[in-house]
Amino acid sequence: MYKNGKIYYTSVTIKKKRIYASLKTTDRKIAKARERQKKIELYKQLTDPFIDKRKDVPSRKKLVEQYIKYKKSVWAKSTYRTNYYILTATWLRKRPLPKNLSTRESYSRQINAFLNWSNKRYKTNFKKLPNVTGDGRTRVYDDKELELILYSKRRCNYFRQVIDKDLLRLAYATGARQGEILNIQSIHKGYMICIGKRGRRVVKLTKQAQVIADRCNWKSWNWTPDTLQKAFNLYAKKLNIDNAMFKDIRRTFGLNYILNGGMIFQLSKLLGHSKISTTEKHYAPLLAIFVDNFSFKQLK
(Lines give C-alpha, C1' and ligand atoms only; values in the text may rest on other atoms or scores of the structure.)
Protein backbone atom coordinates (compact mmCIF):
# COMPACT_ATOMS: atom_id res chain seq x y z
CA MET A 1 0.00 0.00 0.00
CA TYR A 2 1.28 3.46 -0.84
CA LYS A 3 0.19 7.06 -1.13
CA ASN A 4 -0.22 9.05 -4.30
CA GLY A 5 -0.89 12.58 -3.17
CA LYS A 6 -3.36 12.18 -0.31
CA ILE A 7 -5.08 9.03 -1.67
CA TYR A 8 -3.98 5.50 -0.76
CA TYR A 9 -3.28 2.95 -3.54
CA THR A 10 -2.43 -0.74 -3.68
CA SER A 11 -0.86 -2.88 -6.38
CA VAL A 12 -0.26 -6.50 -7.43
CA THR A 13 2.65 -7.80 -9.55
CA ILE A 14 2.72 -11.21 -11.29
CA LYS A 15 5.38 -12.20 -13.84
CA LYS A 16 6.56 -8.62 -14.26
CA LYS A 17 3.01 -7.43 -14.93
CA ARG A 18 1.86 -4.84 -12.45
CA ILE A 19 -1.53 -3.26 -12.02
CA TYR A 20 -2.69 -0.84 -9.36
CA ALA A 21 -5.93 0.61 -8.09
CA SER A 22 -7.05 3.42 -5.86
CA LEU A 23 -8.46 2.61 -2.43
CA LYS A 24 -10.42 5.87 -2.65
CA THR A 25 -9.62 7.12 0.86
CA THR A 26 -7.16 9.32 2.70
CA ASP A 27 -7.64 7.42 5.97
CA ARG A 28 -4.99 4.73 6.59
CA LYS A 29 -7.26 2.48 8.68
CA ILE A 30 -9.99 2.47 6.04
CA ALA A 31 -7.38 1.85 3.34
CA LYS A 32 -6.00 -1.15 5.29
CA ALA A 33 -9.50 -2.60 5.59
CA ARG A 34 -10.15 -2.24 1.82
CA GLU A 35 -6.73 -3.38 0.64
CA ARG A 36 -7.23 -7.16 0.93
CA GLN A 37 -10.43 -7.22 -1.15
CA LYS A 38 -8.92 -4.88 -3.74
CA LYS A 39 -5.81 -7.10 -4.07
CA ILE A 40 -8.04 -10.14 -4.73
CA GLU A 41 -9.78 -8.20 -7.54
CA LEU A 42 -6.44 -7.14 -9.02
CA TYR A 43 -5.10 -10.68 -8.84
CA LYS A 44 -8.13 -11.98 -10.76
CA GLN A 45 -7.60 -9.34 -13.41
CA LEU A 46 -4.02 -10.50 -13.94
CA THR A 47 -4.77 -14.25 -13.96
CA ASP A 48 -8.28 -14.58 -15.44
CA PRO A 49 -8.42 -13.71 -19.18
CA PHE A 50 -12.21 -13.51 -19.08
CA ILE A 51 -12.34 -10.61 -16.67
CA ASP A 52 -13.53 -7.44 -18.38
CA LYS A 53 -10.69 -4.95 -17.88
CA ARG A 54 -12.38 -2.07 -19.65
CA LYS A 55 -13.37 1.15 -17.90
CA ASP A 56 -16.85 1.84 -16.61
CA VAL A 57 -19.20 3.50 -19.07
CA PRO A 58 -19.60 7.28 -18.74
CA SER A 59 -22.66 9.10 -20.06
CA ARG A 60 -23.26 9.15 -23.83
CA LYS A 61 -22.34 12.83 -23.96
CA LYS A 62 -19.03 12.30 -22.12
CA LEU A 63 -18.26 9.32 -24.35
CA VAL A 64 -18.51 11.54 -27.43
CA GLU A 65 -16.44 14.26 -25.75
CA GLN A 66 -13.69 11.76 -24.85
CA TYR A 67 -13.56 10.41 -28.42
CA ILE A 68 -13.39 13.86 -30.01
CA LYS A 69 -10.69 14.93 -27.52
CA TYR A 70 -8.71 11.75 -28.29
CA LYS A 71 -8.90 12.30 -32.06
CA LYS A 72 -8.62 16.09 -32.19
CA SER A 73 -4.83 16.14 -32.53
CA VAL A 74 -4.99 13.75 -35.51
CA TRP A 75 -7.91 15.27 -37.40
CA ALA A 76 -7.79 18.25 -39.72
CA LYS A 77 -10.16 21.11 -38.85
CA SER A 78 -12.68 20.10 -41.52
CA THR A 79 -12.62 16.45 -40.33
CA TYR A 80 -13.09 17.60 -36.74
CA ARG A 81 -16.12 19.72 -37.66
CA THR A 82 -17.67 16.91 -39.70
CA ASN A 83 -17.23 14.25 -37.00
CA TYR A 84 -18.42 16.60 -34.27
CA TYR A 85 -21.63 17.26 -36.21
CA ILE A 86 -22.23 13.60 -37.10
CA LEU A 87 -21.74 12.33 -33.53
CA THR A 88 -23.64 15.10 -31.74
CA ALA A 89 -26.50 15.65 -34.21
CA THR A 90 -26.99 12.10 -35.52
CA TRP A 91 -25.79 9.65 -32.85
CA LEU A 92 -26.23 11.66 -29.64
CA ARG A 93 -29.57 13.25 -30.55
CA LYS A 94 -30.68 10.13 -32.44
CA ARG A 95 -31.57 11.88 -35.66
CA PRO A 96 -32.15 9.64 -38.71
CA LEU A 97 -29.32 9.11 -41.16
CA PRO A 98 -29.45 11.09 -44.44
CA LYS A 99 -31.42 9.58 -47.33
CA ASN A 100 -28.62 10.05 -49.84
CA LEU A 101 -26.74 6.74 -50.03
CA SER A 102 -23.26 8.26 -50.33
CA THR A 103 -23.83 10.60 -47.38
CA ARG A 104 -25.41 7.78 -45.36
CA GLU A 105 -22.36 5.59 -46.04
CA SER A 106 -20.03 8.37 -44.86
CA TYR A 107 -22.09 8.94 -41.68
CA SER A 108 -22.22 5.20 -40.93
CA ARG A 109 -18.46 4.84 -41.37
CA GLN A 110 -17.70 7.70 -38.94
CA ILE A 111 -20.21 6.47 -36.35
CA ASN A 112 -18.91 2.88 -36.56
CA ALA A 113 -15.35 4.11 -35.97
CA PHE A 114 -16.59 5.83 -32.81
CA LEU A 115 -18.50 2.72 -31.67
CA ASN A 116 -15.41 0.51 -32.16
CA TRP A 117 -13.30 2.96 -30.16
CA SER A 118 -15.87 2.93 -27.33
CA ASN A 119 -16.17 -0.87 -27.24
CA LYS A 120 -12.39 -1.29 -26.91
CA ARG A 121 -11.98 1.16 -24.02
CA TYR A 122 -15.25 1.07 -22.10
CA LYS A 123 -17.73 -1.58 -21.00
CA THR A 124 -19.98 -0.86 -23.94
CA ASN A 125 -21.27 -3.36 -26.45
CA PHE A 126 -22.57 -1.11 -29.18
CA LYS A 127 -23.70 -2.83 -32.35
CA LYS A 128 -22.27 -1.55 -35.61
CA LEU A 129 -24.55 0.22 -38.03
CA PRO A 130 -25.26 -1.93 -41.11
CA ASN A 131 -23.00 -1.36 -44.10
CA VAL A 132 -24.43 1.00 -46.68
CA THR A 133 -23.06 0.73 -50.19
CA GLY A 134 -23.49 4.08 -51.87
CA ASP A 135 -22.48 4.47 -55.50
CA GLY A 136 -20.73 7.76 -54.76
CA ARG A 137 -21.20 11.02 -56.59
CA THR A 138 -20.15 10.85 -60.24
CA ARG A 139 -21.27 14.29 -61.43
CA VAL A 140 -18.87 15.95 -63.85
CA TYR A 141 -19.34 18.91 -66.20
CA ASP A 142 -19.28 18.61 -69.97
CA ASP A 143 -17.60 21.21 -72.20
CA LYS A 144 -20.68 23.43 -72.53
CA GLU A 145 -21.31 23.50 -68.78
CA LEU A 146 -17.66 24.15 -68.04
CA GLU A 147 -17.56 27.00 -70.56
CA LEU A 148 -20.56 28.62 -68.84
CA ILE A 149 -19.15 28.13 -65.33
CA LEU A 150 -15.68 29.49 -66.09
CA TYR A 151 -16.42 32.24 -68.62
CA SER A 152 -20.06 33.31 -68.30
CA LYS A 153 -20.62 37.04 -67.78
CA ARG A 154 -23.22 36.36 -65.10
CA ARG A 155 -22.26 37.34 -61.56
CA CYS A 156 -21.55 34.58 -59.06
CA ASN A 157 -22.55 36.19 -55.79
CA TYR A 158 -24.03 35.57 -52.37
CA PHE A 159 -25.18 38.36 -50.03
CA ARG A 160 -23.46 41.08 -52.11
CA GLN A 161 -20.15 39.20 -52.11
CA VAL A 162 -19.07 38.24 -55.62
CA ILE A 163 -16.92 35.21 -56.46
CA ASP A 164 -13.88 36.08 -58.55
CA LYS A 165 -14.11 33.90 -61.69
CA ASP A 166 -10.37 33.30 -61.42
CA LEU A 167 -11.12 31.34 -58.25
CA LEU A 168 -13.22 28.90 -60.30
CA ARG A 169 -10.62 28.79 -63.08
CA LEU A 170 -7.76 28.10 -60.66
CA ALA A 171 -9.82 25.36 -59.01
CA TYR A 172 -10.25 23.64 -62.39
CA ALA A 173 -6.68 24.24 -63.60
CA THR A 174 -5.15 22.71 -60.45
CA GLY A 175 -7.80 20.21 -59.36
CA ALA A 176 -7.30 21.51 -55.81
CA ARG A 177 -9.86 20.91 -53.10
CA GLN A 178 -12.29 23.64 -52.11
CA GLY A 179 -10.59 24.12 -48.73
CA GLU A 180 -7.15 24.34 -50.38
CA ILE A 181 -8.27 27.06 -52.80
CA LEU A 182 -9.64 29.06 -49.86
CA ASN A 183 -6.46 28.61 -47.80
CA ILE A 184 -3.65 29.53 -50.19
CA GLN A 185 -0.50 30.49 -48.27
CA SER A 186 1.75 31.49 -51.16
CA ILE A 187 2.15 31.10 -54.93
CA HIS A 188 5.50 30.54 -56.62
CA LYS A 189 6.71 29.67 -60.09
CA GLY A 190 5.54 26.14 -60.76
CA TYR A 191 3.76 25.43 -57.46
CA MET A 192 1.28 26.71 -54.90
CA ILE A 193 1.38 26.16 -51.14
CA CYS A 194 -1.94 25.82 -49.32
CA ILE A 195 -3.49 24.36 -46.18
CA GLY A 196 -5.81 21.48 -46.97
CA LYS A 197 -7.48 18.37 -45.64
CA ARG A 198 -4.27 16.87 -44.22
CA GLY A 199 -2.41 20.05 -43.44
CA ARG A 200 0.15 21.84 -45.61
CA ARG A 201 0.23 20.73 -49.24
CA VAL A 202 2.25 21.73 -52.30
CA VAL A 203 0.08 21.89 -55.43
CA LYS A 204 1.74 21.56 -58.83
CA LEU A 205 0.89 24.39 -61.25
CA THR A 206 0.62 23.72 -64.98
CA LYS A 207 1.36 26.52 -67.47
CA GLN A 208 -2.33 27.42 -67.64
CA ALA A 209 -2.66 27.35 -63.87
CA GLN A 210 0.45 29.52 -63.48
CA VAL A 211 -1.05 32.22 -65.74
CA ILE A 212 -4.25 32.29 -63.68
CA ALA A 213 -2.36 32.20 -60.37
CA ASP A 214 -0.14 35.14 -61.40
CA ARG A 215 -3.05 37.40 -62.32
CA CYS A 216 -5.61 36.49 -59.62
CA ASN A 217 -5.99 38.34 -56.34
CA TRP A 218 -6.18 35.24 -54.11
CA LYS A 219 -5.52 37.20 -50.90
CA SER A 220 -8.97 38.82 -51.25
CA TRP A 221 -10.84 35.49 -51.26
CA ASN A 222 -12.56 35.63 -47.87
CA TRP A 223 -15.09 32.86 -48.47
CA THR A 224 -15.94 30.02 -46.12
CA PRO A 225 -16.65 26.57 -47.64
CA ASP A 226 -20.35 26.95 -46.75
CA THR A 227 -20.87 30.41 -48.28
CA LEU A 228 -18.82 29.50 -51.37
CA GLN A 229 -21.01 26.45 -51.97
CA LYS A 230 -24.19 28.50 -51.56
CA ALA A 231 -22.93 31.14 -53.96
CA PHE A 232 -21.95 28.48 -56.49
CA ASN A 233 -25.38 26.84 -56.22
CA LEU A 234 -27.10 30.16 -57.00
CA TYR A 235 -24.69 30.74 -59.88
CA ALA A 236 -25.41 27.28 -61.35
CA LYS A 237 -29.16 27.92 -61.18
CA LYS A 238 -28.70 31.17 -63.14
CA LEU A 239 -26.84 29.18 -65.79
CA ASN A 240 -29.55 26.44 -65.83
CA ILE A 241 -27.04 23.80 -64.74
CA ASP A 242 -28.71 21.11 -62.62
CA ASN A 243 -27.25 19.16 -59.70
CA ALA A 244 -24.09 21.27 -59.51
CA MET A 245 -21.59 21.38 -56.65
CA PHE A 246 -18.27 23.19 -56.35
CA LYS A 247 -16.31 19.97 -55.76
CA ASP A 248 -17.54 18.65 -59.14
CA ILE A 249 -14.99 21.02 -60.71
CA ARG A 250 -12.18 18.97 -59.13
CA ARG A 251 -13.75 15.71 -60.34
CA THR A 252 -14.09 17.10 -63.87
CA PHE A 253 -10.41 18.08 -63.88
CA GLY A 254 -9.42 14.54 -62.83
CA LEU A 255 -11.56 12.83 -65.45
CA ASN A 256 -10.41 15.12 -68.28
CA TYR A 257 -6.79 14.62 -67.24
CA ILE A 258 -7.12 10.84 -67.62
CA LEU A 259 -9.11 11.02 -70.87
CA ASN A 260 -6.32 13.11 -72.39
CA GLY A 261 -3.66 10.51 -71.69
CA GLY A 262 -2.64 11.42 -68.15
CA MET A 263 -1.32 8.64 -65.91
CA ILE A 264 -3.31 7.59 -62.83
CA PHE A 265 -0.14 7.84 -60.70
CA GLN A 266 0.46 11.44 -61.81
CA LEU A 267 -3.19 12.33 -61.21
CA SER A 268 -2.98 10.89 -57.71
CA LYS A 269 -0.10 13.26 -56.93
CA LEU A 270 -1.85 16.26 -58.51
CA LEU A 271 -5.02 15.64 -56.49
CA GLY A 272 -3.13 15.12 -53.23
CA HIS A 273 -4.40 11.57 -52.59
CA SER A 274 -2.38 9.60 -50.06
CA LYS A 275 -2.78 6.35 -52.04
CA ILE A 276 -3.20 5.51 -55.73
CA SER A 277 -6.02 3.14 -54.73
CA THR A 278 -8.03 6.19 -53.60
CA THR A 279 -7.71 7.73 -57.06
CA GLU A 280 -8.64 4.46 -58.75
CA LYS A 281 -11.65 4.04 -56.48
CA HIS A 282 -13.02 7.48 -57.40
CA TYR A 283 -12.25 7.54 -61.12
CA ALA A 284 -12.81 3.93 -62.25
CA PRO A 285 -16.63 4.37 -62.22
CA LEU A 286 -16.29 7.68 -64.10
CA LEU A 287 -14.19 6.13 -66.84
CA ALA A 288 -16.73 3.35 -67.31
CA ILE A 289 -19.55 5.90 -67.75
CA PHE A 290 -17.96 8.85 -69.57
CA VAL A 291 -15.06 7.47 -71.56
CA ASP A 292 -16.84 7.90 -74.92
CA ASN A 293 -18.49 11.26 -74.21
CA PHE A 294 -15.80 13.69 -73.09
CA SER A 295 -13.22 16.00 -74.59
CA PHE A 296 -10.79 18.16 -72.68
CA LYS A 297 -11.74 21.79 -72.04
CA GLN A 298 -8.78 24.11 -72.62
CA LEU A 299 -8.61 27.26 -70.52
CA LYS A 300 -8.32 30.62 -72.21
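This is a predicted model: local features need pLDDT of at least 70, side-chain atom pairs count only at pLDDT 80 or more; totals for chains, interfaces and linings use all residues.
**Exercise 1.** Determine which residues form the positive surface patch, and where K6 is found.

*Solution.* Begin with the members of the patch, which are K3, K6, R28 and K32. Next, place K6 in the secondary structure: this lysine is found in the loop that joins β1 (2-4) to β2 (7-14). Finally, consider its accessibility: K6 counts as exposed because its relative accessibility is 66%, and the cut-off for an exposed residue is over 50%.

**Exercise 2.** Classify T88 as buried or exposed, and identify the residue whose backbone oxygen lies 3.4 Å from a polar atom of its side chain.

*Solution.* First locate the residue: T88 is part of helix α3, which covers residues 77-92. Then compare its relative accessible area of 12% with the cut-off for a buried residue, which is under 20%; T88 is therefore buried.

**Exercise 3.** Describe the salt bridge between K38 and E41, stating how the two residues are placed in the helix and how accessible each of them is.

*Solution.* The structure holds 10 salt bridges, and one of them joins the side chains of K38 and E41, with an N to O distance of 3.4 Å. Both residues belong to helix α1 (residues 28-47), where they are three residues apart, about one turn of the helix. As for accessibility, K38 has a value of 23% and so counts as partly exposed, while E41, with a relative accessible area of 36%, is partly exposed.

**Exercise 4.** Work out which residues are linked with D166 in a network of salt bridges, and how D166 and R169 are placed in helix α6.

*Solution.* Start from the pair D166 and R169, whose side chains meet in a salt bridge at 3.1 Å, N to O. Within helix α6 (residues 165-174) these two residues are separated by about one helical turn, because they are three residues apart. Both D166 and R169 are buried.

**Exercise 5.** Find the salt-bridge partner of R139, and decide whether the two residues are buried or exposed.

*Solution.* The partner is E145, and the closest N and O atoms of the pair are 3.1 Å apart. Turning to accessibility, R139 and E145 are both buried.

Technical notes:
Residues are numbered from 1 along each chain as its sequence is written. Side-chain values use heavy atoms; hydrogens and water are left out. Patches are made of residues with over 30% relative accessible area and no salt bridge: like charges are joined within 9 Å, nonpolar side chains (Val, Leu, Ile, Met, Phe, Trp, Tyr) within 5 Å. Accessible areas come from the Shrake-Rupley method with a 1.4 Å probe; for residues, only the protein chains shown count as cover. A salt bridge is a side-chain nitrogen of Lys or Arg within 4 Å of a carboxyl oxygen of Asp or Glu. Lys and Arg count as positive and Asp and Glu as negative; His and the chain ends are not counted. The place of a charge is taken as NZ of Lys, CZ of Arg, CG of Asp or CD of Glu. Helices (H or I, at least four residues) and strands (E, at least two) are DSSP runs, numbered from the N terminus. Buried means under 20% relative accessible area, exposed over 50%, partly exposed in between (1.4 Å probe, protein chains only).
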